[in-house]
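Please read the following note beside the sequence and the coordinates. The points are meant to be checked one by one against the model.

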Amino acid sequence: KLINDLYVNSVTFDFVEPLLRLRSQFHCCVHHMDLDLFLPGNILYIENNILKTLNLTSRVTSAITRQGDFLSPHSFFQKNITTVVMIDTRNFCIKTVNRKTNQTSILAGQCNYHGYIDGPFSRARFGDIFGSVSLPGEKAYVMDQSGSSVRLLDFVSQRVSTHLRLLYRLIGVAVRWSTRDLYFSYQGGIGKASLITRDIQYFTVDTYQRLNPYGHYFENWVISMRFVTDNLLLIADQGKAIRVLDINNRSTSEICSRPFSKFQVQAGNISQCKVFEPQSFLVMPEENKIVVGFVSSIGYIDISGKL
């Protein structure tokens, strides 16, 4: 059992099918996943600097972009059915991908120039940008580590502005839509910022139960977070595999544990399974599945109970 009558049936890994075994030269990593709006029945994911789409029925995968279009992209969002917005982390800019032509173009920032400048899309500069989240309408937020800030992209005015400044360098991000709260990860912990009032809260060791002997909630970088229900937050804790955080009562649970050796993956029930460095999540409520991206594979978590 997880929390609040949500049960994990099994964690399944199948290294035979192309769906669950990455074929890239370097086998790293599934940084971000989402349901494909352009091709229903597919999922989008980033692997080895390339945006790919995977058909869940045929398990056929195909590349949308080419090697060299991006450098270490860590996240993306779909602005509409035909437009994917890519966070091109190490090129210090934001690009779009046209799904009809598979062509890329610069949306905001000056590629290859590291900096921090707000203003029109064409003049703005970004530092180390990682997580991103789109809002209903014509706005999106990106996490910029250089300024420890949350930056707003306004697609109507075509401008970049600083929405929040924080105390720590950020990577993971998730939004609780019912309250319009932005949950973000930093090394050793998680914070919360209201997108409405801009109030910021950093959770302390006393706020959450102690999860390891070093006094951190999480032993390593939290690469990705995703709400599975309105109050349950999935966390890719690299030091302790997959965790579930109930943000209402601030209790934690664990799905799978870290293996003794690198790259080891072991299927089984919630107490037996082992995973190495989870990277990203995709919640599929209609199928009662959570798809998990790892360093060199993709796996399913089967859930009973309504997501």
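1. On terms, a residue is called buried under 20% relative accessible area, exposed over 50%, and partly exposed in between, using a 1.4 Å probe and protein chains only. This is a predicted model, in which local features need pLDDT of at least 70 and side-chain atom pairs count only at pLDDT 80 or more, while totals for chains, interfaces and linings use all residues. Residues are numbered from 1 along each chain as its sequence is written, and side-chain values use heavy atoms, with hydrogens and water left out.

2. Salt bridges (a side-chain nitrogen of Lys or Arg within 4 Å of a carboxyl oxygen of Asp or Glu) number 9 by this rule. One of them pairs Arg-151 with Asp-144, with the closest N and O atoms 2.9 Å apart, and both of these residues are buried. Through salt bridges that share partners, Asp-118, Asp-144 and Arg-151 form one network.

3. Another of the salt bridges brings together the side chains of Glu-47 and Lys-52, at 3.0 Å from N to O, and here too both Glu-47 and Lys-52 are buried.

4. Which parts of the chain does the salt bridge of Lys-79 and Glu-138 tie together? The closest N and O atoms of Lys-79 and Glu-138 are 3.2 Å apart. Lys-79 belongs to strand β6 (residues 75-80), whereas Glu-138 sits in the loop between β11 (129-135) and β12 (139-144), so the pair ties together parts that are 59 residues apart in sequence. Strands here are DSSP runs (E, at least two residues), numbered from the N terminus. Lys-79 is partly exposed at 32% relative accessibility, and Glu-138 is partly exposed with a relative accessible area of 34%.

5. The structure holds 1 disulfide, a term used for a pair of cysteine sulfur atoms within 2.5 Å. The disulfide joins Cys-93 to Cys-111, with an S to S distance of 2.1 Å, and the link is right-handed, with 90 degrees about the S-S bond. Cys-93 lies in strand β8 (residues 93-98) and Cys-111 in the loop between β9 (103-108) and β10 (119-120), 18 residues apart, and the pair thus links distant parts of the chain. Cys-93 is buried, with a relative accessible area of 0%, and Cys-111 is buried as well, at 16%.

6. A nonpolar core is a set of buried Ala, Val, Leu, Ile, Met, Phe, Trp, Tyr and Cys residues joined through side-chain atoms within 4.5 Å. The largest has 17 residues, of which Leu-234, Ile-242, Ile-255, Phe-281, Ile-290 and Val-292 touch the most other members. At least two residues of this core come from each of β20 (232-237), β21 (241-246), β23 (280-284) and β24 (289-293). A second, separate core of 16 residues includes Val-133, Leu-166, Phe-184 and Leu-195.

7. Leaving aside neighbours within four places in sequence, Ile-242 is in contact with residues including Leu-234, Ile-255, Val-275, Phe-281, Val-292 and Ile-301.

8. Lys-192 is found in strand β17 (residues 189-194) and is partly exposed, with a relative accessible area of 22%. Neighbours within four places in sequence aside, the contacts of Lys-192 include Asp-181, Tyr-183, Phe-184, Asp-199 and Phe-203. The C-alpha atoms of Lys-192 and Ala-174, 18 residues apart along the chain, are separated by 9.6 Å.

Key. Helix = DSSP H or I, 4+ residues; strand = E, 2+ residues; numbered from the N terminus. Contact = heavy atoms within 4.5 Å.
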